[in-house]
Amino acid sequence: MCKEIRFSTRTIMTPGPVEAHPVVLREMSLEVLGQYDPQFRQIMRQVQKMLKQHFQIPNGHALAVDGSSRAGLEAGMYSLVEKGDKVLIPAYGRFAYLLAEIAERAGAEVILYEKEWDRPFLQENIIEKIKETQPKLVAMVHGETASGQVQELNQIGKYCQENDVLFMVDMVATFGGMPTKVEEWGVDLAVAGTQKCISVPAGLAFVAWSDRADQIIESRFQKELGLGAEARNERFILSNYLDLSQLKVYWSDTPINHHTEATNLIYAAHAGLRMLLEEGIDNVYYRHKLNEKALIAGLTAMGLKLYGNLETKLPTVNAVLVPKGVDANEVKKFMLDQFGVEIAGSFGCLIGKVLRIGNMGYSSRRENVLRVLGALESTLIHYGAKVNQGDAVQAALNVYLDV
Ligand SMILES: *Cc1c(COP(=O)(O)O)cnc(C)c1O
C-alpha cells in the first residue's frame, strides 16, 4: 500500500517552477466549479481582465490555455503560421530553439538567426535581417532563461508594425517580474506561464494578442465537427486543443464547447495575478530588482563571476560561472540534500559551466536570497573551491539594510 505523500520543505531558487504562494495553494483547493457555471464565468472574466493589465495590452485579447508555457507557444505559433510561411527566429539562447522546433512542426519555413548566448541582439541587426529575409512572422524570446539575458523589443516591434510583419514573443521568464509592454512595444502575440513570476504551479499558459493577429486567427476559425454543421475552413488551425480561434469563443460570453477547463488552476491564476496587483506592479518589479542586487552583491563578494553581459542581464535569472575544479551537478545535489535549497544547471553550450539561481515570484524573497547564498558558499567550500569565506551573506544583507 502506498502512503499519503510526504516530503521535506524546499527553498526553490530555480528559474521555475518557483514556490507557490500560500494564498494560491489555498484558493486552488476550493471546490470544483463547472466551466459554464456563471460563478466560474465571472472568475474567467476577471482573469482575462488581469491578463490584459499585466501584458499591458488594453486593446488586445488575452486568455489562458491549459498546459505549461510551451502550450501557449504552440497555440500562438499554430494559430498564426500556415504551411510554408517564413518565420524568422533570432536566437541568443536555448528557448529560441524551442520556438524553431514548434514553428517547424507547424509547417513554417524556419530561418534561424544565431549568435553567442552572452548577450542579446542589437535591435538594428534584427531589423536588417527582417529586411533581408522578408518573413511573415518574427518570433523571439524576451528573457532568455538559459543564459540570464534580456532582449529589448521596442524598435523591432515598431518596424514589424510598420512593415506588415507579425511579431511573437516568449515572455515566460519576464511576465510578472519586469515590465512586459506588449502593446507599446508593438508585439502581436505574447506568451507567459504560471510557474515563474506569478507563483502558481505549472499547468496554464497565458496568451495575449493584437487586433492584427486577431484578424488572422478569426479568418481561420472552424467550428468543431459534431457541434453543428458548419462549412469547413481550408485554412483551419492544425491543432484542435490549441486553436486560439476556438479558445477565444470558449472564453467569450457565448461559448461553444471545447476542452473541460482546469477550473482550480484558473482560481490559482486569479490569486497569482491578483496578488501582484495588490502588491502594486511597480513594487513587484522593484522587489525583483532589489533581490537581484542582493544576489549579485553576495555572489560577487564570494568571488564568483556572472556569465554574460551585465548591462543586459535578466533580473529574474542569475547565471553564475562554476568555479574551476567543481562539478556543477554535485553542487546542485549537495545543496538540495544538505540545505533543502534547489538551484539549476543550464543547457547547451552552458552545461556544466553555469549554475542558475532564479529570482522569481514568491521565491524572490529576502530570506531565500540569504539562504541560497549561505548554502552555495558552504557547498563550494565543501568541494574545495576558492571562495572568499564569510563575505557573501553579509554583502547581500548590507544591500537590504541600506534601503
Ligand atoms: C520556462 C520557460 C519556457 C518553458 O515553459 P514550460 O512551462 O516548461 O513549458 C519557455 N520559455 C522560457 C523563456 C522559459 O523560461
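User: How many bridges join strand β5 to strand β8?

Analyst: This is a predicted model, in which local features need pLDDT of at least 70, side-chain atom pairs count only at pLDDT 80 or more, and totals for chains, interfaces and linings use all residues. Residues are numbered from 1 along each chain as its sequence is written, and side-chain values use heavy atoms, with hydrogens and water left out. Strands are DSSP runs of E with at least two residues, helices are runs of H or I with at least four, both numbered from the N terminus, and two strands pair if DSSP finds at least two bridges between them. Strand β5 (residues 137–141) runs parallel to β8 (residues 166–170), and the bridges joining them number 5.

User: Which residue in β8 is the bridge partner of valine 141?

Analyst: Valine 141 lies in the range of β5, residues 137–141. Its bridge partner in β8 is aspartate 170.

User: What is the order of the strands in the open sheet?

Analyst: The sheet has 7 strands with mixed pairing. Its edge strands, β2 (61–66) and β4 (109–114), each pair on one side only. The order is β2-β10-β9-β8-β5-β3-β4.

User: At about what angle does helix α6 run to β8?

Analyst: Axes are lines fitted to C-alpha atoms, for helices over the stretch in contact (heavy atoms within 4.5 Å). Angles run from 0 to 180 degrees between N-to-C directions. Helix α6 (residues 154–162) lies across β5 and β8, and its angle to β8 is about 150°.
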